[in-house]
Structures are given as structure tokens and as C-alpha cells.
Amino acid sequence: MNPTIAMITFRAMLGRKRALLLLGLPLLLLVLSVILRATGNNDLDLSAHVLQNFGLATLLPLLALIAGTGVIAPEIDDGQIMYVLTKPIPREVIVVTKLVVAIVLVTIFAVVPTLLAGLVLVGTTAQVTPAFTIGILVGGITYSAVFVALGVLSRNAVTIGLLYALVWETLLGSFAPGAKSASVQQWSLSVADALTDASMVTSTVGLPVAVTLLVVVALAATFLATFRLRSLPVASAE
Amino acid sequence: MTERSESGGAGGRPPAENMSSELVLENVSRWYGNVVAVNGVSMKVGPGVTGLLGPNGAGKSTLIHMMGGFLAPSSGTVTLDGTPIWQNPGAYRKLGLVPERESAYDFLTGEQFILAMAKLHKLPDPAAAARRAIGLVEMDYAAGRPIGNYSKGMKQRIKMASALVHDPPVLLLDEPFNGMDPRQRLQLMDLIRRMAEEGRTILFSSHILEEVERLASHIEVIVAGRHAASGDFRKIRRLMTDRPHVFLVRSSDDRRLAAAVIADGSARSVQLTDKGLQVEAVDFQRFTWLLPRVSRDADVRLWEVSPSDESLESVFSYLVAR
């Protein structure tokens, strides 16, 4: 963890318009929750549905995608990464710092809003709110690691990430049960499932497998990103 | 190859012992798929200013990227004082790099940027190092402004400060004068000379002979990825003027002039084209002196005499083919 790299990354992420982009979705979730509660539509079923489909399946992957790729990909594209790479800093420190910044951003813009939305909707009934908060937090860590790695590995990180989140996890998951099990979303849901008594929250993946995969994928992605950053080809002007 | 002229160029006085560092390239090649960008280049870059001269696309940036540890040589080695640079972040304690691309962190002020760079180097007193580096490039007056609002010359100088903040013995600059106005150019040349006088090893790339000639005590010429020539600027100049020159000559009677030029023997070949006579002169000086006499004697009026291959590319291709 390098505080200077973290400072520069936070400023790049939160400066200018990108902060608004990060704020849009969580605000929408909160507004929706307030409206549902005000109109009396906040029974347990519907609330869990909102937290799962809006919070865990939409807000989380999109925010993690913006944060995870945003902390490193634009810097590589614009060549500013040179200023960090030309320092006697081990590459894993750079990757871990970027990852920590991404996780902090996901916490601020996805985990906390979900917690607030849950509290507005159902309070702590049946542990639904804490379950989803923790599910989204652990999922956010793995998503961030995957998207940071993607940002280092590919110049089309955002596109690939979107295809993964939308096509693989959401669309393909509803047709092919196999694909459904190989998704960060299902693993996070499995964690939430284990923490709540609400019967409508179910995952296709068992808890031990889900936790193992969350950890293994996060570590593998971080190693891959570090390895790649060691020999990052810099686009030549010629 | 490492011989340096004592008086020529701007290398200045001998380097201080503690500063002197040497970059060594041994048979370095780099290819992208089937395209060879750099082909078997060997050179030693020592203290003083070395100019890396070559036309655009010759492979200068690829070479600098390899010297800066940003690109693995496909074959051969690049070492700094005996240690390979590739995948060795520790080498950056001794190395400062000024990339060609303009972008710095535009949202930071000059001062914040340089201070951040000093901290990334883990210098004992980053604030003092940042102040010193900003002072060196004379950017104190604008240090409080965001880099995004800087002019091109100011950006170049703040990038220079970022490369100097840890006082490295080796400095690599990729096309540092691109897009600078004449005043900024002079200021930067001055700064580079001062840095070299302190015993630093400085290498900069350029495609403009005059720039290199004014600043570098030693010149390495790269053409089409190959190491074409090496020496001080007098040697490079001589290589360039001693080669056969091709002139395009238009006159009142091209045929008669062709016969006269051939008979005189100062040209190797003469070709009649629809644009005029294409003459390949053996001796540049002799030919330019003789041509008016020959044409006068032959009673031919000269309308135009122009060198037809003065582009840097053609000059350099001659050096490569040599």
C-alpha cells in the first residue's frame, strides 16, 4: 500500500465528472427505497428482491467495473502510469494500492448505499440487510480484483467487463445453470444466503465453494495483474 | 565508439566521480511480429550529452523505451552500470526518464505532482527535493497552477523536474524539443548543458540535426532500426557532406550540359528526366564550384540547381548502405 499512489488515484477517480457517474446508481437505489417505504411496498419479499436485483446484481458489478478499471486503465491508456512505473516501487505494491482504492470506492458507492437502502426498507428484519451488506462487500472485493486485472490486461477492459456482467452473469445465467454457478454474483449471493433467514434468498452455489472461489479468484486476479504490470508494454509512438 | 571530442559540442568538463554512470546496449534488437523496429544495436552511453539522431520512425523511441526499462529487448541486453534494466524497478534510483507523451496528472498542480514523485522515490526530504527540482527547471512561478493549464513548454519542463527530483546520474529524454518555441528550446538546452556539466549521463532523441549538433557532444545515428553512425558532430557532418550528392539541374539545354558535365568528370552519373538533369556528384564542393564554369564554357544557361535528396531519410539511408 503506497499512500502517494492512493492519493493520486483517489483524486483522479473523484475529480470532475466521474464522481457524478459513481453517485447516480446508488442515489437511484436510495430514492427507490424511500419511495417503496413511503408507499407501503416494503414487505420482506419485495425488499429482498430489490436488494438482490438492484443492489447485488446491478449496482455492485457496475460500480466495481467503473472503480476497478478506472483506478488503472485510463492511466495506462494515457501513459501517466510511466510516472509510477519509473519509481523503485515493487509492482505488487502498485497493484495492491490500486485494488484497495477500488475496494474503498465500491464500499462507499455500493456497500454503504445497500446498507442504507436495506435499513430504509426492512430495518434488520430476518437479517436481510446485514446479509446483503456483507455479501456485497465480499463480492465487491473479488469483482474489484477481477476488474483491476482486466484493466491491466486489456485495453478494452470496460467492454469486456460489461459483457461479463451483463451477458455472462445475467443473461446466460438464466439459460444455462452451469454458467450461473461460475459467477461472482452467485458466490456473493451464496454468502448473503447463508447469513439470512429469509427463504427467498437462495444461491445455486454452496457456501464453502462460494467462499473458496471468491478468495481464489481475487488472489489469482491480483497475481495476474502484478505479473502483467512487470512487463507492461508501453505503446510506442512509432 | 565511446571516444568523445574534448572541445566540440557541449559535453563540458569531465564528470564528477560519483555521478558517472554508463548505459550499455549489446546487440539489442526488438521486433513486433514480423516488423523489426531495432536491429542489432550496440552502443555505450557515458557522461555528457549524447544525441540519438534519426528520422521519424527510425526506432529511436523503441530504443529509449528499452533503455528506460519499458520494453524488453527481443534479443541482446541493456544494462546500467552492469545491471540489467528490464524488470528491475531498483534501476530507477539512478535513472530519470522524460517520456515524449505530454500527459502528466493534469488535475495536480506542478508542485503537488513533483512532491508526489519525490515521495514515490521515498526521498528523505521530499518537500526540499521537489522545491529544488522545480527551481532547476525554473517553474517556481507556476508551481501552484494545475498542470492541465500549462503550455506545452511548461509541461515539458515540469516533466523534466519529475525526472530530476531524485537527482539521477542518468537522464533519458524522448524528443524533448518537440513543439517548443525557440525561447523554450534555448532554456531547455541550457538546462541540459548544466545537468551534463555536473557529470550526468544524458541521452536525448531528435530527428533534427541542428538540435543534436548544438547540444550533443556525441551523436548516435539510428536509421531504419539500425545503428548507422557514431561520433562527434564533426564526424557526422563530414559523413553527411562527403557522400555523393544528387542535384536536379534545369538549364537552357539539358543535353549539352549533360555532355559537358560528364566530360568534366566531376559527376558520377547524369540522367535526363522530364524535370531536368539529375546529376550525381562525386565531390559536393568541387561540383558546386565547377558547375557554373562548365555551363558557361558550354554556353548553357543555368535556370535552377537544387539538391534533390536532402531529406534526413535519404542522407541517413546513405550512411546505412555505406
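The structure is a predicted model, and each value below was computed from it.

**Helix packing in chain A**

- By class, the contact of helix 7 with helix 11 of chain A comprises 15 nonpolar, two polar and one charged residue.
- Helix 3 (residues 44–70) of chain A also packs on helix 7 of chain A at an angle of about 25 degrees, with their axes 8 Å apart, and helix 3 and helix 7 of chain A are therefore roughly parallel to each other.
- The crossing of helix 3 and helix 7 of chain A is right-handed, and the residues of this contact divide into 16 nonpolar, nine polar and no charged.
- Helix 10 (residues 184–195) of chain A comes within 9 Å of helix 11 of chain A, axis to axis, and the two cross at roughly 135 degrees, so that helix 10 and helix 11 of chain A are oblique to each other.
- Helix 10 of chain A passes helix 11 of chain A in a left-handed crossing, where A:Trp187, A:Ser190, A:Val191 and A:Ala194 of helix 10 meet A:Leu207, A:Ala210, A:Val211, A:Leu213 and A:Leu214 of helix 11.
- The contact of helix 10 with helix 11 of chain A contains eight nonpolar residues, one polar residue and no charged residues.

**A serine in helix 10**

- A:Ser190 is located in helix 10 of chain A and counts as buried because 27 C-beta neighbours lie inside 10 Å.
- Not counting residues up to four places away in sequence, A:Ser190 touches A:Ser203, A:Val205, A:Gly206, A:Leu207 and A:Ala210.
- A:Ser190 and A:Ala131 are 59 residues apart in sequence, and their C-alpha atoms are 10.0 Å apart in space.

**Contact between the chains**

- Between the two chains, 23 residues of chain A are in contact with 28 residues of chain B.
- On the side of chain A that touches chain B, helix 1 (3–14) and helix 5 (81–85) of chain A each supply at least two residues, and helix 1 of chain A gives the most, with four residues.
- This side of chain A divides into 11 nonpolar, seven polar and five charged residues.

**Layout of chain B**

- Chain B has 10 helices and 14 strands, and buried residues make up 43% of its 322 residues.
- Among the contacts in chain B with a separation of 6 or more, 70% are between residues 24 or more positions apart.

- B:Leu52 lies in strand 3 (residues 48–53) of chain B and counts as buried, with 28 C-beta neighbours inside 10 Å.
- Leaving aside neighbours within four places in sequence, B:Leu52 is in contact with several residues, among them B:Lys60, B:Leu63, B:Phe204 and B:Ile222.
- The C-alpha atoms of B:Leu52 and B:Asp299, which are 247 residues apart along the chain, are separated by 47 Å.
- Most residues other than glycine have a negative phi.
- B:Asn27, in strand 1 (residues 23–32) of chain B, has a positive phi near 50 degrees and is exposed, with 12 other C-beta atoms within 10 Å.
- B:Glu138, in the loop between helix 3 (126–136) and helix 4 (152–164) of chain B, has a positive phi of about 55 degrees and counts as partly exposed, with 13 C-beta neighbours inside 10 Å.

Note on methods: Residues are numbered from 1 along each chain as its sequence is written. Chains are lettered from A and ligands numbered from 1 in the order in which they are written. This is a predicted model: local features need pLDDT of at least 70, side-chain atom pairs count only at pLDDT 80 or more; totals for chains, interfaces and linings use all residues. Ala, Val, Leu, Ile, Met, Phe, Trp, Tyr, Cys and Pro count as nonpolar, Asp, Glu, Lys and Arg as charged, and the others, Gly among them, as polar. Axes are lines fitted to C-alpha atoms, for helices over the stretch in contact, and angles run from 0 to 180 degrees between N-to-C directions. Angles under 35 degrees count as roughly parallel, over 145 as roughly antiparallel, 65 to 115 as roughly perpendicular and the rest as oblique. A crossing is left-handed if the near helix is turned anticlockwise from the far one by less than a right angle, and right-handed if clockwise. Two residues are in contact if their C-beta atoms, placed from the backbone, lie within 7 Å. A residue is buried if 20 or more other C-beta atoms lie within 10 Å of its own, exposed if 12 or fewer, and partly exposed in between; C-beta atoms are placed from the backbone.
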